[in-house]
Amino acid sequence: MVSQPPSTSTSDCFAGQMLGPYQLFELLGKGAMSAVYRGYDTRYHRPVAVKILTINDGAERYNLTQRFRLEARTMASLKHPNIVPFYDFGVIDDVSFLVTRLMTGGTLEDHILRFHQQRRLPSLPEVTQIIAPIADALAYAHSRGVLHRDVKASNILFDGQGQPYLTDFGIAKLLDGGLNLTHPHMVVGTPDYMAHEQWRGETLSPAADQYGLGVVAYLLLTGRLPFDAPSSHGLMYQHLDTTPAPISRFRPDVSPQLEGIVQKALAKLSQDRFGSVLDFVKAFAEEIERSALSTTPPEFVNYPLSETVEVTVPSHSPSVPSPLSSPSSVRNFPDAGTRRLSAPRPSSPRRSRQTALLIGLGGGLALLGLMTVALLAFAMTRPAQTTVMIVTSEALEAEITPAAVPDAAATPGLDLSAVSVLPVFGSEQRNATPTIALVSTAPDLQLFHSFSANALTVRSVAIDPTGQRIAFSNGTFAIEIWDIATQQRLQTLEGHTDTVHTLAFSPDGLQLASGSADGTARLWDLVAEQTRFVLSLQTGEVRGLAFNHAGTLLALTGEDTSVHLWDMETGTLQASLEGHTSRILSVAFNNDDTLLVSGSTDSTVMVWNLVTGQRLTLTGHTGEVRSVAFHPLENIVGSGGIDGTIRLWNAETGDLIRVLDGSARELESIGFSPDGAFLASGDRANQMMVWDVFNGEIVAENGVHSGWVFDVKFSPTGNYLVSAGGDGAVNVFSLE
């Protein structure tokens with residue numbers, strides 16, 4: 001329910017309230033029909049953006065509610081690495097809302113304004129890096145029968161790693177003739193970006209989205225929009241009849257060929273543009289590469305912001321009157337609080353256990369004073385005996401000492417006696433922007449429950465994203481799903497005919513993937529309780545699998561030497577990554593799905609960059625690598641091997657960061673805690689151990705199993721640590 005439901009339609013009245021499981025914080029942006037809030041999902045313990053329909057009365061409410069539902073349905077159907085992930089939609093106490101991932105890197109408009117402050121334009125390769133992924137997202141939407149209709153700078157968002165995403169499908173249209181919630185002859189879009197046919201209220205095709213992307217490209221190249229007029233009416237006539245000013249007028253580093261490519265995307269007639277958005281961007285990128293254009297652009301020129309409008313066109317007139325005052329397009333704004341010390345957070349059992357603040361400083365000692373002030377201000381709000389760790393790049397390690405931190409007496413309750421100066425995972429190329437993460441104290445392992453699988457061996461265990469359900473295989477090779485808290489069996493999935501080696505829940509928790517010695521992997525629909533796909537490698541047992549975080553790909557490994565990537569929408573094989581010389585036992589994606597890591601019996605670890613196609617081969621283990629995992633916050637790879645060591649690697653450079661010595665115990669499995677502070681391992685000495693990632697020490701050890709510990713996993717919510725063993729038991733340890 002909505003706590004204290006509002007009595008008015010003002011869009012800022014939800015701040016500070018609960019909307020079902022979502023705690024709402026500050027208003028991020030609003031328009032005539034909706035508002036976006038920074039929120040927190042108390043079920044999945046993650047920050048989110050919550051978009052709320054704010055029209056509470058009037059004849060248009062039903063139509064707008066239906067459009068809102070269409071937006072939610074459209075976003076839920078689109079799963080692409082460069083489309084903002086959709087999480088949820090609902091209606092609570094007559095309040096309609098949809099929930100997406102919170103994007104913390106700002107909008108493209110924000111990025112261009114930062115270029116303005118730096119008195120420069122983005123380089124030509126930078127322009128390609130922005131528009132190419134968006135073109136790929138648009139092409140994917142078009143292939144799914146969806147036309148965006150509002151491609152513009154404010155609808156391109158960035159994550160914390162600078163990757164662009166397409167958002168706001170509020171006025172998208174289904175190309176297959178499905179539900180259309182605009183009136184006949186209604187012009188929908190943003191005047192600065194609208195194609196000729198869009199202004200005229202004609203039937204649209206993907207070429208209209210190409211035109212919008214062409215405007216974005218023109219804006220990035222020149223720092224200004226192609227047309228500027230004091231009214232939407234004036235903009236209309238310019239888009240219909242005027243040729244944009246030559247790009248070379250604003251930056252001489254643009255070749256005539258590149259200018260011609262952009263002009264073609266901005267052609268007045270849709271049939272004169274490229275065949276697709278991908279054709280446009282391919283030509284754009286190839287011309288930049290061909291001509292090796294300068295990457296030192298001229299000064300930035302400011303440009304006006306824009307908004308979405310809807311205009312009803314009289315059926316008797318081919319021309320368009322001046323647009324009415326518009327409902328502004330609502331966007332998922334950058335989260336100013338995500339990396340700020342003052343960001344409000346809901347309380348949780350785990351929060352009281354967090355006792356250290358990890359600060360990464362890559363910009364040098366000039367940042368130390370500022371960060372120390374912020375650090376001490378934050379520490380005042382933490383429990384007593386807070387320990388501060390200042391973590392720097394290796395290059396600065398010798399220059400910063402505990403003595404540089406102000407006297408602990410100046411801050412009551414802050415214990416600086418254990419201040420540590422540690423290198424940040426061996427990287428000298430840190431971003432100049434400080435990064436902040438909360439680190440927990442060592443977990444106190446308490447056996448919560450032990451599940452019997454009625455099997456000689458349990459090879460794998462999986463925990464759903466909510467931390468509430470657990471999955472493992474029993475003695476008949478069926479997969480059982482249990483409620484952890486109530487110890488009640490929820491589902492039994494039958495189909496495999498041999499040992500189940502590996503299991504994983506999809507990111508939304510609605511599907512389960514399993515890989516077996518019977519040579520198949522199965523994707524189970526947990527709602528329908530049936531198999532969606534049976535994926536066969538036809539090369540022997542399936543040993544490892546992992547979903548990417550977008551839920552669009554499933555990586556499978558087995559007896560052959562390849563990592564196979566399967567499309568989760570169609571169940572078709574998309575690619576096979578070659579490089580290992582022996583069977584591959586484990587695979588994992590990094591947190592933004594740009595990297596993939598695998599471990600093999602050939603004693604190597606391989607990291608594939610899924611964007612560039614490059615591969616790193618990491619050597620050092622003296623026996624087969626049984627398990628690999630990505631650190632949840634950094635591009636750090638952990639690998640565990642039969643040689644008894646856990647190795648931490650920089651996944652971008654391949655540098656070895658640290659070796660955790662398992663005293664020659666043969667390791668079967670490893671897994672990071674959600675906050676990245678700890679790593680659990682299971683071995684053939686029947687032991688499960690928990691390691692401090694930063695100092696390499698063992699902080700907890702447990703020998704409950706009477707057989708090899710084949711799998712260990714922290715729950716995504718951080719409240720459980722689970723192990724599966726050769727004794728046929730699955731043990732759940734409470735960390736709260």
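Predicted model: local features only at pLDDT ≥ 70, side-chain atom pairs only at ≥ 80, totals over all residues.
User: What share of the residues is buried?

Analyst: Of the 736 residues in the chain, 57% count as buried. The classes are buried for under 20% relative accessible area, exposed for over 50% and partly exposed in between, with a 1.4 Å probe and protein chains only.

User: And how many helices and strands are there?

Analyst: The chain has 10 helices and 44 strands. Helices (H or I, at least four residues) and strands (E, at least two) are DSSP runs, numbered from the N terminus.

User: What fraction of the contacts joins residues at least 24 apart?

Analyst: Among contacts between residues at least 6 apart in sequence, 56% join residues at least 24 apart. A contact means heavy atoms within 4.5 Å.

User: Turning to aromatics, how many pairs does the structure hold?

Analyst: The structure holds eight aromatic pairs. Rings of Phe, Tyr and Trp (its six-membered ring) pair if their centres lie within 6.5 Å; planes under 30 degrees apart count as stacked, over 60 as edge-to-face and the rest as tilted.

User: Which class does the pair of F280 and F284 fall into, and why?

Analyst: The ring centres of F280 and F284 are 6.3 Å apart and the planes stand at 75°, so this pair is edge-to-face. Both residues belong to helix α8 (residues 277-291), and because they are four residues apart there, about one helical turn separates them.

User: Which charged end sits over the ring of F274?

Analyst: That of K264, at 4.6 Å from the ring centre. A charge sits over a ring if NZ of Lys or CZ of Arg is within 6 Å of the ring centre and within 35 degrees of the ring normal. Elsewhere, the charged end of R43 sits over the ring of Y44, 5.2 Å from its centre.

User: What does I261 touch?

Analyst: Apart from neighbours within four places in sequence, I261 is in contact with F274, F280, A283, F284 and E287. I261 lies in helix α7 (residues 256-265) and counts as buried at 11% relative accessibility. Although I261 and E287 are 26 residues apart along the chain, their C-alpha atoms are separated by 8.8 Å.

User: How are the axes of α5 and α8 arranged?

Analyst: The axes of helix α5 (residues 206-222) and α8 come within 9 Å and cross at roughly 25°, which means that α5 is roughly parallel to α8. Axes are lines fitted to C-alpha atoms, for helices over the stretch in contact, with angles from 0 to 180 degrees between N-to-C directions. Angles under 35 degrees count as roughly parallel, over 145 as roughly antiparallel, 65 to 115 as roughly perpendicular and the rest as oblique.

User: Which residues meet there?

Analyst: From α5, D209, Q210, L213, G214, A217 and L221 meet V277, F280, V281 and F284 of α8.

User: Changing topic to loops: where is N454, and what is its phi?

Analyst: N454 is in the loop between β17 (446-452) and β18 (461-463). Its phi is near 50°, a positive value in a residue other than glycine, and N454 is exposed at 65% relative accessible area.

User: Where is E529?

Analyst: E529 is placed in the loop between β24 (520-525) and β25 (530-536), and its phi, near 55°, is also positive in a non-glycine residue.

User: Last one: is D592 buried or exposed, and what does it contact?

Analyst: D592 is buried, with a relative accessible area of 13%, in the loop between β30 (584-589) and β31 (595-600). Leaving aside neighbours within four places in sequence, D592 is in contact with D159 and Q161.

Terms used. Residues numbered from 1 in each chain as written. Heavy atoms only, no water.
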